[in-house]
Amino acid sequence: MSRQDAFAKAGRDAVQQNIQGTLDFFRQFPPFDAMEPAELGLLVENCVLRFYAQGESVISPADGPVEHLYIIKQGRVYGERSKGQDVGDETIFELGVGECFPMAALLGERATRTLHTADEDTFCFLLTKDAFVKLMSRSDTFRDFCVRGISSLLDQVNVQVQNRAAESLGSQISMDTPLSQLSSMREPVTCPASTPLHEAVQTMHEAQVGSIMIANELLQPQGIFTLRDLRRVIADPNTDLRQPMQQVMTPNPFSLSPDATAFDAALAMTERHIAHVCLVRDGKLVGMVSERDLFSLRRVDLVSLARTVRTAPSLEKLVQMRQDVKAMVERMIAHGASPEQVTRLITLLNDHTSCRIIELVLEKHGNPDIKFSWMVFGSEGRKEQTLHTDQDNGILFEAASIEEANAIRQKLLPIAREINVALDDCGFTLCRGNFMAGNAEFCLSRREWLVRYQKMMRDATAQNMQFAGVHFDLRCIWGPEQPCVELHRQVVAMVAADSVFQRVLAESALLNRPPLGGLFRNFTLSKKGAEKDSLDLKVKGLAPFVESMRVLALSQGIEATSTLERIRQLVGRGIIDRLDGDAYAEAYHFIQLIRMQQHHQQAAQGLTYSNLIYPDELNTLDRRILRESFRQAQRIQNSLALRYQL
Amino acid sequence: MSLLKWLFRRPEVNQQDQQRLQALPAAAMPGEQLLTQQRFVVVDLEATGLHTGRDKILSIGAVTVEHNGIAMGQQFERTLKRREVKVNEAVLIHQIAPSELATGIRPKTALLDFLEFVDDCPLVAFHAGFDQRLLQRELRDFFGYNFKHPFFDLAEVAPLLNPDHCMRQPRMDDWIDYFKLNVMQRHNAAADALATAELLLIFINQAQKQGILTLKQLDTALHNWRRRQGSSM
């Protein structure tokens with residue numbers, strides 16, 4: 001080695017040694033934690049560390065095209081979008097240790113549009129543009145992060161969640177697996193419709209299957225016959241074993257495309273109380289999945305759970321079964337179900353539980369022989385329930401006169417109260433506002449309901465709508481559905497036509513400000529008592545989305561109640577920009593995910609469910625995305641304020 | 001050897017080292033150079049002890065501050081080869097293993113590398129007097145070289161710019177806490193130099209706000225500060 005080389009090498013070694021601490025620093029934060037050491041070395045060697053005293057500008061629109069990527073080593077920076085054409089978009093946000101800015105301006109080779117100011121004494125690493133470009137070309141992780149920003153981190157979170165949950169279960173089957181890829185998907189056993197019953201049963205026996213598909217020569221499915229059907233047929237002493245399958249099969253079997261997911265199949269089975277789904281592509285039978293295929297690895301399965309709930313012999317049994325529901329939900333999360341899937345599933349199981357409770361109470365009381373519908377509001381009405389839920393329900397019945405209505409009410413109220421108490425026993429906490437069917441004000445005829453809604457809208461204030469707003473998300477879960485659908489349709493039409501009430505609703509949606517504000521703190525947290533340093537995910541995080549989407553959807557006459565569905569339809573109608581809609585949905589999704597994970601952990605530790613979260617206890621990635629999600633909540637509120645000039 | 005001859009002896013320097021010595025620029029004295037543009041070499045020495053008259057440099061860590069920033073890729077660190085050093089307290093504190101010292105590079109080369117790295121720039125350290133005297137003595141012993149570069153002592157700059165600090169004889173760690181700096185690994189020459197450099201960035205920023213813009217102004221302010229300290233004692 002020449003002297004020059006030795007000199008260069010000694011220098012390099014020294015630098016390697018010196019930057020070790022800085023490397024370790026970067027490794028604490030995404031996306032750097034997923035980058036190769038050589039890539040990080042390139043990053044650090046090309047960094048300059050600078051200091052910005054509190055209140056000093058770090059980079060501003062006046063500085064011209066951006067020349068560096070800034071990474072915060074210590075301190076905090078807040079960004080202010082310069083006002084101007086996009087007033088509604090004007091936001092203030094904060095960046096903490098490990099965060100990078102101004103990415104978009106650097107990639108766009110332009111000046112930043114945000115004024116970045118040091119919120120406290122701050123050190124930033126500045127990476128030159130040349131090195132930034134070089135790093136992008138070398139590191140896929142870094143490029144992905146630069147281009148996709150926070151979304152790429154969301155993927156990481158999802159993987160993280162699944163891994164964490166899968167660890168405890170030792171299984172990696174995803175609920176998103178297409179049915180065609182399930183190893184257990186089988187070639188269906190088929191026979192023509194003319195086959196005699198005993199022959200078909202023999203075929204099933206030989207093939208050792210629990211079901212047989214009846215199909216024509218083009219393999220178009222015509223019916224299904226299962227062991228359950230066989231029991232039914234044999235139970236009839238007059239059964240002729242030579243009769244053709246046509247007469248005993250269940251016609252028009254439920255089918256899905258092989259591209260549908262395991263979750264779709266599980267949900268369909270649960271909804272329809274069926275154990276088999278045939279897979280059909282282009283009208284042709286290509287396969288079959290049974291509940292056993294989907295749940296062969298699990299102790300409690302979704303379908304049989306739903307069935308057991310639906311046929312539970314007593315209230316005590318239902319109470320016991322709540323544990324199984326919880327276990328089921330945990331498995332869902334473990335298998336990578338999205339929050340939307342999980343909340344739909346919980347709602348489904350809760351619907352079954354509620355229905356069974358109503359039936360059991362009615363059995364006990366002797367049927368009052370009055371037709372009524374059981375309606376649910378709020379999260380249950382939106383099909384967005386989590387395990388931590390309280391009751392919001394009401395009864396709707398038909399009555400010709402006030403007298404008749406009063407008479408029916410007197411008969412129904414004791415029953416309704418008992419149902420409310422039974423629901424409480426099953427974990428649906430009694431509503432603090434007494435918005436329950438057992439309250440005479442929520443046990444009404446259709447006409448009375450309409451009057452009640454009219455009064456609610458007339459007397460609405462932003463404050464009372466914070467609580468009463470949930471009544472605009474309604475759904476029937478038991479009894480005749482049509483009257484509820486009619487009522488809902490009328491209410492939606494009334495709101496769509498009433499701009500004054502919309503404005504009040506919008507105002508109410510702005511009452512719960514996402515906890516970013518306080519301008520220069522990362523999160524604004526509760527300051528006192530047991531709730532010190534915590535924030536309420538439901539009230540501060542989800543409510544802004546739910547309430548904003550409710551106003552926007554109702555004003556457009558959209559009848560969908562689920563928040564994500566409302567977003568989709570609003571995007572479809574051009575009320576919300578597609579990119580914004582995606583960002584809102586992602587943010588809503590993430591807050592819900594954090595909330596469910598928290599409930600999951602609380603359950604595991606035997607704690608009661610709570611929506612309070614302590615941001616300091618989250619990992620860096622979660623905390624950052626949570627803050628980003630709250631920013632989206634802030635944006636939707638800002639645009640609502642602009643639209644209604646609040 | 002007579003006493004006189006011993007007093008005026010010249011150390012032996014080989015030709016190659018001699019050439020490198022002669023190529024070194026003279027130190028720039030504090031003048032109208034702007035603090036925000038000046039290149040500073042922040043140095044941290046680890047030595048066998050605190051006696052600048054006889055203790056030996058074990059390692060040199062240095063970081064530069066230039067144009068108000070620390071270039072992370074331009075750092076300096078050399079561990080010197082010292083066979084005769086015994087494992088003592090200082091070695092333990094700095095966690096430099098004797099084996100590391102044995103494999104370090106030849107002290108003369110390390111020192112020359114350092115001088116070249118310094119160029120004509122002022123040096124900065126916390127309790128800089130120690131580093132200054134130690135370097136001066138070692139350079140005189142090895143090369144008969146008179147190291148005249150100015151040193152700025154952050155132990156003086158810090159209270160000058162932050163007269164309301166309310167600490168009694170604050171140490172480096174106290175200032176690190178005072179400014180809430182996150183230091184990655186203390187007592188490693190490079191990490192210590194980096195922490196010192198971060199302090200320097202803060203002080204340059206503060207100096208601007210107090211109207212101290214040039215090296216000369218800083219030098220004068222420090223001079224007056226020392227006088228005030230003396231008179232108040």
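Predicted model: local features only at pLDDT ≥ 70, side-chain atom pairs only at ≥ 80, totals over all residues.
β9(A) and β10(A) belong to an open sheet of four strands, whose order is β9-β10-β11-β12 in chain A and whose pairing is mixed. The edges of this sheet are formed by β9 (190–191) and β12 (250–251) of chain A, each of which pairs on one side only. Across β9, β10 and β11 (221–226) of chain A lies helix α8(A), residues 197–207, which runs at about 130 degrees to β10(A).

## A covered strand

Elsewhere in chain A, strand β16 (residues 372–377) pairs with β19(A) in the antiparallel sense, over four bridges. Within β19(A), A:L474 is the bridge partner of A:F377. Strand β19(A), residues 474–478, is mostly covered, since four of its five residues are buried.

## Two helix pairs in chain A

Two packed helices are described by the angle between their axes and the distance between the axes. Helix α23(A), residues 578–604, packs with helix α24(A), residues 620–643, at an angle of about 130 degrees, and their axes are 9 Å apart. Angles over 145 degrees count as roughly antiparallel and those from 65 to 115 as roughly perpendicular, so α23(A) and α24(A) are oblique to each other. Their crossing is left-handed. On the α23(A) side the contact includes A:A583, A:Y584 and A:F590, and these residues are part of a group that meets residues of α24(A), among them A:D622, A:I625 and A:L626. By type, the residues of this contact between α23(A) and α24(A) divide into ten nonpolar, two polar and one charged.

The second pair consists of helix α20 (residues 499–509) and helix α21 (residues 537–555) of chain A, which pack at an angle of about 165 degrees with their axes 9 Å apart. Because angles over 145 degrees count as roughly antiparallel, α20(A) and α21(A) are described as roughly antiparallel to each other. The crossing of α20(A) and α21(A) is left-handed. The residues that make the contact include A:Q502, A:L505 and A:A506 of α20(A), together with A:P544, A:E547 and A:R550 of α21(A). The residues of the contact of α20(A) with α21(A) divide into six nonpolar, four polar and two charged.

## Cis peptide bonds in chain A

A cis peptide bond joins A:P30 and A:P31, with omega at about 0 degrees, and A:P31 is found in the loop between α2 (20–26) and α3 (37–45) of chain A. Another cis peptide bond joins A:F101 and A:P102, where omega is about -20 degrees; A:P102 lies in the loop between β6 (100–101) and α4 (103–107) of chain A.

Chain B contains ten helices and five strands, and 35% of its 233 residues count as buried. Among the contacts in chain B with a separation of 6 or more, 71% are between residues 24 or more positions apart.

B:N68, in the loop between β2 (57–66) and β3 (69–79) of chain B, is not a glycine, yet its phi is positive, near 70 degrees. B:N68 counts as partly exposed because it has 18 C-beta neighbours inside 10 Å. B:C166, in the loop between α7 (154–161) and α8 (172–178) of chain B, also has a positive phi, about 60 degrees, although it is not a glycine. With 8 other C-beta atoms within 10 Å, B:C166 is exposed.

Terms used: Residues numbered from 1 in each chain as written. Chains lettered and ligands numbered in written order. Pairing = 2+ DSSP bridges. Contact = placed C-beta atoms within 7 Å. Axes fitted to C-alpha atoms, helices over the stretch in contact; angles between N-to-C directions. Buried ≥ 20, exposed ≤ 12 C-beta atoms within 10 Å, placed from the backbone. Parallel < 35°, antiparallel > 145°, perpendicular 65-115°, else oblique. Left-handed = near helix turned anticlockwise from the far one by under 90°. Nonpolar A, V, L, I, M, F, W, Y, C, P; charged D, E, K, R; others polar.
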